[in-house]
Amino acid sequence: MATVSTVGIVGAGTIGSSWALYFLSRGLKVQCWDPLDEYAESVAASVARSWPLMQELGLSEGASLDNLRCFDRIGDALSGVEFVQESAPEDAGLKASLMAELDRDLGPEVVISSSSTALPVSEFQHKAKNTGRIVLGHPFNPPHLMPVVEVGGGKQTETWAIDQAMAFYEAVGKTPIRLRAEIPGHLVNRLQAALYREAVYLVAEGYATVEDIDKAITGGPGLRWAFMGPHMTFHLGGGEGGIARYLEILGPSQERRWEALGDPKLTDDVKQKIIDGIDAEARGRSMGQLTEERDATLLKLLKVLNKSDK
């Protein structure tokens, strides 16, 4: 694929702004559009606020806040771009109409990648003329720090578009994961949902507090998951016999645990327990403070992991 130098950001809310920050840090030019009034000021402020984080991680040659441009008209924002990252609200009808509009304003060789959290591409690509170039490019929040991007296609997506999206994300330093088929929630959020379902069940049934459940993850498997997934973790758990030994000895135990997992419902009572638990765990910290703490810790962790890869 040709080298991408200019990226179009369509939808510049929390996710779109984070994408803009990341692409700028990789030395790319970024052209934004969002339907909300005064969005440009919000994007500029968000990007400037987090720029020191990207400086600590290391900027690519040519990286500059001056490479950000925001437009009032979507057609102007798309002029000259070589890749589009769409981050509109999670609404299939809205995305379908937006994809058709993007498709009309772009050359057929430009890939349109959607940050869709859970919607399959097939649900919003059908109104476009060039459906084959619409792909999934779902990041993990916040995109400017989290490496993983899920890449896949819909029923009408062509292989070349997925290949180009994979190559682009890898070229800018992301960790793209190629999805082999469509499934609601994609991959990462399904794994996260499985864990959260049990976390909600444990709160609902009174087995532990919200804070203790969070501590159980951050002080337990979460530490290993930062650099080693569940399959490899259990491979080591099998000792010299590895995963084969683990499945032989502890497979039945796993099955018993699966059968005992809960199936909670988000009733008003359960939701209030979670809300009260979060209030207690936050200890008066604002959303801004919590976000800053999250990002600062992610930065430290990424630095350690980057060093271990070298």
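Because the model is predicted, local features were taken at pLDDT of at least 70 and side-chain atom pairs at pLDDT 80 or more, while totals for chains, interfaces and linings use all residues. Residues are numbered from 1 along each chain as its sequence is written, and side-chain values use heavy atoms, with hydrogens and water left out.

We can start with empty space. Rolling a probe the size of a water molecule over the atoms shows where such space is left. On a 1 Å grid over the protein atoms alone, a pocket is an open set of points where a 1.4 Å probe fits, with protein on both sides within 12 Å along at least five of seven lines. The second largest pocket holds about 540 Å³, a volume being the space filled by probe spheres set on the points, which are joined across faces, edges and corners. It is lined by 20 residues, and Ser46, Arg49, Ser50, Thr291 and Asp295 are the closest to its centre; a lining residue has an atom within 4 Å of a point. Helices H1 (14-25), H2 (39-57) and H12 (287-308) are the elements that give two or more residues to this lining. The largest share, six residues, comes from H12. Helices (H or I, at least four residues) and strands (E, at least two) are DSSP runs, numbered from the N terminus. By class, the lining has five nonpolar, eleven polar and four charged residues. Here Ala, Val, Leu, Ile, Met, Phe, Trp, Tyr, Cys and Pro count as nonpolar, Asp, Glu, Lys and Arg as charged, and the others, Gly among them, as polar.

Helix packing comes next. Two packed helices are described by the angle between their axes and the distance between the axes. Axes are lines fitted to C-alpha atoms over the stretch in contact, and angles run from 0 to 180 degrees between N-to-C directions. H6 (residues 188-204) packs on H11 (residues 268-282) at about 95°, with the axes 10 Å apart. The two are therefore roughly perpendicular, a term for angles of 65 to 115 degrees. In this contact (heavy atoms within 4.5 Å), Tyr196, Val200, Val203 and Ala204 of H6 meet Val270, Lys273 and Ile274 of H11. The residues involved divide into six nonpolar, no polar and one charged.

For H9 (residues 230-237) and H10 (residues 242-260), the angle is about 95° and the axes lie 7 Å apart, which makes H9 roughly perpendicular to H10. His231, Phe234, His235 and Gly237 in H9 meet Gly242, Ile243, Tyr246 and Gln254 in H10. This contact contains three nonpolar, five polar and no charged residues.

Most residues other than glycine have a negative phi, and most peptide bonds are trans. Glu38, in the loop between E2 and H2, has a positive phi of about 60° although it is not a glycine. At 66% relative accessibility, Glu38 counts as exposed, that is, over 50%, where buried means under 20% and partly exposed lies in between (1.4 Å probe, protein chains only). Leu36 is placed in the loop between strand E2 (29-33) and H2 and is exposed at 58% relative accessibility. His186 sits in the loop between strand E8 (175-178) and H6; its phi is also positive, at about 60°, but His186 is buried, with 6% relative accessibility. Finally, the peptide bond from Asn141 to Pro142 is cis, with omega near 0°, and Pro142 is found in the loop between strands E6 (134-139) and E7 (148-153).

Key: Parallel < 35°, antiparallel > 145°, perpendicular 65-115°, else oblique.
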